[in-house]
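The sequence and the coordinates are shown first.

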Amino acid sequence: IFEASAVPRTRCFAGLQMLEAKRQLDQLPEDDAPIQGVLRECEAQGEKLVSGFVRGILARQWAQRGDTTPAIALLEQHLPEVQATGYPRMIGEIQSLLGELHLAEGRLEAAARYARLALDRKADMAFSQPLVQAHRTLYLSALQRGDTAAALRHHIDYAEADKAYLDRIKAREIAYQAVRHETREKSQTIALLNKE
């Protein structure tokens, strides 16, 4: 779909879906060219929302290679654009990611500030990975500062958010398996009826 589509906007959206699927499967290529290509396509179409998500994928890719400083610079440069979209999930995701990246760089105050900003949107992104990450960042930054009381509070919040997120994923998987099983049973019943 990505390369085959003549519609640039379709290539932008399909490109994001392809990159996100590969990221979830840990199959992103070492080369940034495919991510950069999708980003250019989306920016050319004025798709600020999709561009923001693609930049998040690119920043994670850089951070995994140890290039956290350029990843932070990329996200902070485009943060006003992300905030202007008004889309809580993306804003929270980018803020949460910035918190993680600053934590990796040892900038504990910046890490905690971005994590708290992400948590300000928790009503709009309940049971989500960015929420879990923000709690984890607050926990680790408090621990590194030596504030064990705050670290304990944040660890409890982190554990609760992580459990809620995993429970949601598990419930979705169970529902999917139930529908799949029901569909298989119906197909077998129809096949038996057709034989009779």
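In this predicted model, the largest nonpolar core holds 28 residues, and those that touch the most other members are Leu19, Ile35, Val54, Leu75, Ile94 and Leu98. Six helices, α1 (8–24), α2 (33–44), α3, α4 (68–77), α5 and α6, each supply at least two residues of this core. The greatest share comes from α3, with seven residues. For Leu98, once neighbours within four places in sequence are set aside, the contacts are Ile72, Leu75, Glu76, Leu79 and Tyr114.

**Disulfide**

A search of the whole structure returns one disulfide. Cys12 and Cys42 form this link, with 2.1 Å between their sulfur atoms. The angle about the S-S bond is 115°, and the link of Cys12 and Cys42 is right-handed. Because Cys12 belongs to helix α1 and Cys42 to helix α2, the pair ties together parts that lie 30 residues apart in sequence. Both Cys12 and Cys42 are buried.

**Aromatic pairs and a charge over a ring**

In general, a pair of aromatic rings is described by the distance of the centres and the angle of the planes. The structure holds two such pairs, listed below.

| Pair | Centre to centre | Angle between planes | Geometry |
|---|---|---|---|
| Phe53 and Tyr87 | 6.3 Å | 75° | edge-to-face |
| Tyr139 and Tyr158 | 6.3 Å | 10° | stacked |

Tyr87, at 37% relative accessibility, counts as partly exposed.

The stacked pair of Tyr139 and Tyr158 also links distant parts of the chain, with Tyr139 in helix α8 and Tyr158 in helix α9, 19 residues apart.

Another contact with an aromatic ring involves Arg113, whose charged end sits over the ring of Tyr114, 4.8 Å from its centre.

**Helix α8**

Helix α8 comprises residues 129–145, 17 residues in total, and spans 24 Å from its first C-alpha to its last, close to the 24 Å expected at 1.5 Å a residue. How is this helix placed relative to the rest of the structure? Of the 17 residues of α8, 12 are buried, so the helix is largely enclosed by the rest of the structure. The buried residues include Pro130, Leu131, Val132, Gln133, Ala134 and His135. Further along α8, Thr137, Leu138, Tyr139, Leu140, Ser141 and Ala142 are buried as well. The cover over the buried residues of α8 includes α3 (48–64), α6 (88–104), α7 (108–119) and α9 (148–195). One of these covering helices, α9, carries Tyr158, the stacking partner of Tyr139. After α8 comes Gly146, which has a positive phi, near 85°.

Conventions. Residues numbered from 1 in each chain as written. Predicted model: local features only at pLDDT ≥ 70, side-chain atom pairs only at ≥ 80, totals over all residues. Heavy atoms only, no water. Helix = DSSP H or I, 4+ residues; strand = E, 2+ residues; numbered from the N terminus. Expected span 1.5 Å × (residues − 1). Buried < 20%, exposed > 50% of the residue type's maximum accessible area, 1.4 Å probe, protein only. Contact = heavy atoms within 4.5 Å. Phe/Tyr/Trp six-rings, centres within 6.5 Å; stacked < 30°, edge-to-face > 60°. Lys NZ or Arg CZ within 6 Å of the ring centre and 35° of its normal. Core = buried A, V, L, I, M, F, W, Y, C linked by side-chain atoms within 4.5 Å. Disulfide = S-S within 2.5 Å.
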